[in-house]
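This report describes a single protein model. Please examine the sequence and the three-dimensional view below before reading on.

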Amino acid sequence: MRVIIVKDYDEMSKEAARIIAKQIRSKPDSVIGFATGGTPVGTYKELVRMHKEEGLDFSKLTTFNLDEYYGLGPDHPQSYHYYMFENLFNHVNVDPKKVHIPDGLAKNVKEFCKKYEEEIKKAGGIDLQILGIGRDGHIAFNEPGSSLASRTRLVALAPETIKDNARFFEKEEDVPRYAISMGCGTIMEAKKILLLANGEGKADAVAAFIEGPITSQITASILQLHPDVTVILDEAAASKLKRKEYYKHVDKLYRKLEEEEESSN
Ligand code: PGA
């Protein structure tokens, strides 16, 4: 796991966008897994800028989103469909036919989830999956106690998550209690993973998933078993890591290697 610690939210967003853009440029028909929430908003803003100013081309991409609230349709302003179009897809040249976001109004949820998994496979699997992390250590909506081998399914939201997400709704009672979410097993099949976290509120979850044991109580901890994970943290989110200085040290060394590699190409 590569842990990159940057100063603040702005730097985290720029660094994340740089990594995503590198993936898109090196494989224009990449399959990208997108995440929602407050964390990646700045990253998507930077990607929109790169599209407009540097011609970053989204036209050949296939996309899959991690999750969607169950019961919210695509036009609901708090749905993740709405979020993705508002924050990214409406501002870049992505092909809407290649965009996949779980259907919050699916009638036969089991059938829908099975099909979603099949579609990921048919697309060749996810090349780069972007993730946030919840205060309870969740990735996507895989709340504490979720199977670390789980697949796309209907999940019930934890009380912390309902509380955390209430800021996007008029009142807490309006937050849906269920979601359709990719499972930990689905996420682990992505070829590369990029997890972002900022702010002090995430510091405990970050320390637990990077330095604690692998446990279904902190579902992000399964990422310790993935061969290609990059984590970008701001100083506040990194503040409870015991080996913070060590991560900074090795990151410097990796960057030096990368620079040498780039200049020799
Ligand atoms: P946030 O959510 O980006 O809104 O903090 C992250 C998550 O719950 O995965």
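## The ligand and its surroundings

In this predicted model, the residues around the ligand are Gly37, Gly38, Thr39, Gly132, Ile133, Gly134, His138, Arg167 and Lys202.

| Residue | Polar atom of the residue | Distance to an oxygen atom of the ligand |
|---|---|---|
| Glycine 38 | backbone | 2.8 Å |
| Arginine 167 | side chain | 3.1 Å |
| Lysine 202 | side chain | 2.6 Å |

Seven strands form an open sheet with parallel pairing, in the order 1-10-9-6-2-3-5. Its edges are strand 1 (2–6) and strand 5 (99–100), each of which pairs on one side only.

Helix 7 (residues 203–211) lies across strand 1, strand 9 and strand 10 (229–234). The angle between helix 7 and strand 10 is about 150°.

## Two helices

Helix 1 has 18 residues. From its first C-alpha to its last, helix 1 reaches 26 Å, close to the 26 Å expected at 1.5 Å a residue. Its buried residues are Met12, Ser13, Glu15, Ala16, Ala17, Ile20, Ala21, Gln23 and Ile24.

Helix 2 (residues 41–54) has 14 residues, so at 1.5 Å a residue it should span 20 Å; the C-alpha atoms at its ends are 19 Å apart, which agrees. Within helix 2, the residues Gly42, Thr43, Tyr44, Glu46, Leu47, Val48, Met50 and His51 are buried. What covers these buried residues? The cover includes helix 1 (9–26), strand 2 (31–34), helix 3 (80–87) and strand 9 (192–197). Just after helix 2 comes glycine 55, with a positive phi of about 70°.

Another open sheet consists of three strands in the order 4-8-7, and its pairing is antiparallel. Strand 4 (67–69) and strand 7 (153–156) are the edge strands, each pairing on one side only. From one strand to the next, the twist averages 30°. Strand 4 and strand 8 (residues 178–181) pair in the antiparallel sense over three bridges. Across this pairing, glutamate 68 has isoleucine 180 in strand 8 as its bridge partner.

## A residue in a loop

Aspartate 174 is located in the loop between helix 5 (159–165) and strand 8. Why is aspartate 174 called partly exposed? Its relative accessible area is 33%, and the term applies because this value falls between the 20% limit for buried and the 50% limit for exposed. Aspartate 174 and isoleucine 162 are twelve residues apart along the chain, and their C-alpha atoms are separated by 9.4 Å.

Notes. Residues are numbered from 1 along each chain as its sequence is written. This is a predicted model: local features need pLDDT of at least 70, side-chain atom pairs count only at pLDDT 80 or more; totals for chains, interfaces and linings use all residues. Side-chain values use heavy atoms; hydrogens and water are left out. Helices (H or I, at least four residues) and strands (E, at least two) are DSSP runs, numbered from the N terminus. The expected span of a helix is 1.5 Å times one less than its number of residues. Buried means under 20% relative accessible area, exposed over 50%, partly exposed in between (1.4 Å probe, protein chains only). Contact means heavy atoms within 4.5 Å. Two strands pair if DSSP finds at least two bridges between them. Axes are lines fitted to C-alpha atoms, for helices over the stretch in contact, and angles run from 0 to 180 degrees between N-to-C directions. A residue is near a molecule or strand if one of its heavy atoms lies within 4 Å of it. A polar contact is a pair of N or O atoms within 3.5 Å; within protein, one must be able to donate a hydrogen and the other to accept it, and residues adjacent in sequence count only if both atoms are side-chain atoms.
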